[in-house]
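Welcome! Have a look at it first, then read on.

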Amino acid sequence: MTRPEDRLSTHEVTNQPARAAPRDPFGSDPTLAAHAAAQGADCPHLARFGTALSAAWNLAAEARRVPPEPVIFDRHGRRLDEVRFHPAYHDLMSLGLGHGYASLPWSGAAGGHVTHAAMVYLMSGVEPGVCCPMTMTHAGVPALAEAGIDDWAEKLATPGYDPSVAPLSAKRAATLGMAMTEKQGGSDVRANSTRAAPEGDMWRLTGHKWFCSAPMSDGFLTLAQTDDGLSCFLVPRWLEDGSRNGVHLMRLKDKLGNHANASAEIEYHGALAQMVGEPGRGVKAILRMVHHTRLDTALAPAGLMGAALAEAAHWCEGRSAFQRRLIDQPLMRAVLADLALDWEGATALGLRVARAFDEGDPLARVGVALAKFVANKRAPTVIAETMEVLGGMGYVEETPMPMLYREAPLNGIWEGSGNVICLDILRTLARDEAAREALDATLRDAAGDRAYDAALAAFRDRWPALPDEAEARYYAERLAGLLTAATLFQTAPAAVAEGYAASRLGADRGLLPGSVTGLDTAALIGRLPR
């Protein structure tokens, strides 16, 4: 039936999907819910978070529309070194942190890391920009707690958001950022030139950082050189006497995406800092944080893919071409079903690794890198294909597709780009016997499917030992595919697990999405979020 709003003076609006209501990202995604429940998440909490997010779509759009603004000096010429955000950004931070995004894993609740990981998935599909500061706040807790810096660890693990300009003692909750990268070193942090000089029990830092994520955080973990070598430090933004620390904001990065989040270049001008961990063991100390941020960068691309596929499914169900709905056309179904496997595989594996975090399972130490690598390599392709599903509208900013497309490469860069991750996988398997044995047991226990068994045997024949560095990507891709399939055989219907094993682990398919046969398209498409 034609509605009044469909009648325009020159034509009627037809063959367009129904106007989409604000989507509850958890309630509309039973596949996420099933995998989260299988790994021990608190699904009632996730349902409440999803309901809250369903009312936050406009906040997300506003936070992106009005980007953060650097305010380096006040009107009288005094340094401020602040970033001002649209109020919607602060509202989203309050929503996420208030629901325990950063604190749940440290609360003692069962399934805390799995619940947190699912929250990363959900928030990433609505507004990824606020995930960065919340993720680092969450990940800083174990690093600081292990170092005995309990006042900071306690405030970071407190639910809630306090953006006030005040020292830690005056905060009800705190946030944490990270500043490691320098111009001359990039991922090679041992080339960092920032220096730390002792001052009593504290240190003074002088140098630059080319990337500082979330520069309005209450503190930053950073790396600097001492006489003992590269060390880790906690740099507060405000000192306990109420003065500003010597952290100068130089400029904000003009990024491809992630527009609601501020990323900055900063300089330390005698900034007061506290050492974290042992002198000369800075990489070890900060990797305690990076281990947890990597879990989030494994789940975020799954959330981006899920949001994109939800838009594609809505479009295909409400749009017709050549006298048939798009969702009923065989070639479109082949494409959507193939994309669905990448999305569900990333979701299942990410949540399985999160459970390993909860259980102290050594699998987490290598599984998180495998999950991050494979999910982020698939996300840009999946999201580009879903844009094409919408045709020209997929390229229009009124839809979320351009935002999702711009976000797709980011988590593959953060917390270790692809080559770094692959080399880390090789190092972990070479040095960590418990992680290696946990991975082998997981792969062995999944035996029983013909395609999977053949792929596992071929993998072991091809690499009876760890490969040379030049083969690290090929090795990691195959290993991540096997671990994903092993997870799906535990938690997904046969159509998904067998379809993934046949199309991802075998060789009988093309290189492009949709270039595959034999999938149960009805079962796979039926699992897409709507």
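## A first tour

Let us begin with residues 280-429, where the chain is 78% helix and 3% strand, with its end C-alpha atoms 25 Å apart. UniProt lists this span as "domain: Acyl-CoA dehydrogenase/oxidase C-terminal", in an unreviewed entry. Please keep in mind that you are looking at a predicted model.

**Two further annotated spans**

- At residues 15-163, UniProt places the feature "domain: Adaptive response protein AidB N-terminal", again from an unreviewed entry.
- This span, residues 15-163, is 54% helix and 7% strand, and its end C-alpha atoms lie 46 Å apart.
- For residues 177-268, the unreviewed UniProt entry gives "domain: Acyl-CoA oxidase/dehydrogenase middle".
- Here the make-up is 0% helix and 52% strand over residues 177-268, and the end C-alpha atoms are 15 Å apart.

**Salt bridges**

- Side chains of opposite charge can pair when their charged atoms come close.
- The model has a count of 27 salt bridges, taking a side-chain nitrogen of Lys or Arg within 4 Å of a carboxyl oxygen of Asp or Glu as the rule.
- One of them joins aspartate 227 to arginine 195, with the closest N and O atoms 3.4 Å apart.
- That pair links distant parts of the chain, 32 residues apart: aspartate 227 sits in the loop between strand E6 (219-226) and strand E7 (229-236), while arginine 195 belongs to strand E4 (residues 195-199).
- Aspartate 227 counts as exposed because its relative accessibility is 77%, whereas arginine 195, at 39%, counts as partly exposed.
- Glutamate 278 forms a salt bridge with arginine 281, and their closest N and O atoms are 3.9 Å apart.
- Glutamate 278 is partly exposed, with a relative accessible area of 48%, and arginine 281 is also partly exposed, with 38%.
- Another salt bridge pairs arginine 325 with aspartate 328, where the closest N and O atoms are 3.1 Å apart.
- In that pair, arginine 325 has a relative accessible area of 36% and is partly exposed; aspartate 328 is partly exposed too, at 38%.

- Asp150, Asp151, Glu154, Glu240 and Asp241 together form a negative surface patch.
- Within this group, aspartate 151 is found in helix H7, which covers residues 150-156.
- Aspartate 151 counts as partly exposed because its relative accessible area is 47%, which lies between the limits of 20% for buried and 50% for exposed.

- Asparagine 15 has a phi near 55 degrees, a positive value in a residue other than glycine.
- You will find asparagine 15 in the segment before helix H1 (30-38), and at 33% relative accessibility it counts as partly exposed.
- Alanine 214 also has a positive phi, near 60 degrees, and is likewise a residue other than glycine.
- The loop between strand E5 (202-213) and E6 is the place of alanine 214.
- Is alanine 214 buried or exposed? With a relative accessible area of 7%, alanine 214 is buried, since buried means under 20%.

Conventions:
Residues are numbered from 1 along each chain as its sequence is written. This is a predicted model: local features need pLDDT of at least 70, side-chain atom pairs count only at pLDDT 80 or more; totals for chains, interfaces and linings use all residues. Side-chain values use heavy atoms; hydrogens and water are left out. UniProt positions are given in the numbering used here, feature names are shortened, and annotations may be inferred rather than shown by experiment. Helices (H or I, at least four residues) and strands (E, at least two) are DSSP runs, numbered from the N terminus. Patches are made of residues with over 30% relative accessible area and no salt bridge: like charges are joined within 9 Å, nonpolar side chains (Val, Leu, Ile, Met, Phe, Trp, Tyr) within 5 Å. Accessible areas come from the Shrake-Rupley method with a 1.4 Å probe; for residues, only the protein chains shown count as cover. Lys and Arg count as positive and Asp and Glu as negative; His and the chain ends are not counted. The place of a charge is taken as NZ of Lys, CZ of Arg, CG of Asp or CD of Glu. Buried means under 20% relative accessible area, exposed over 50%, partly exposed in between (1.4 Å probe, protein chains only).
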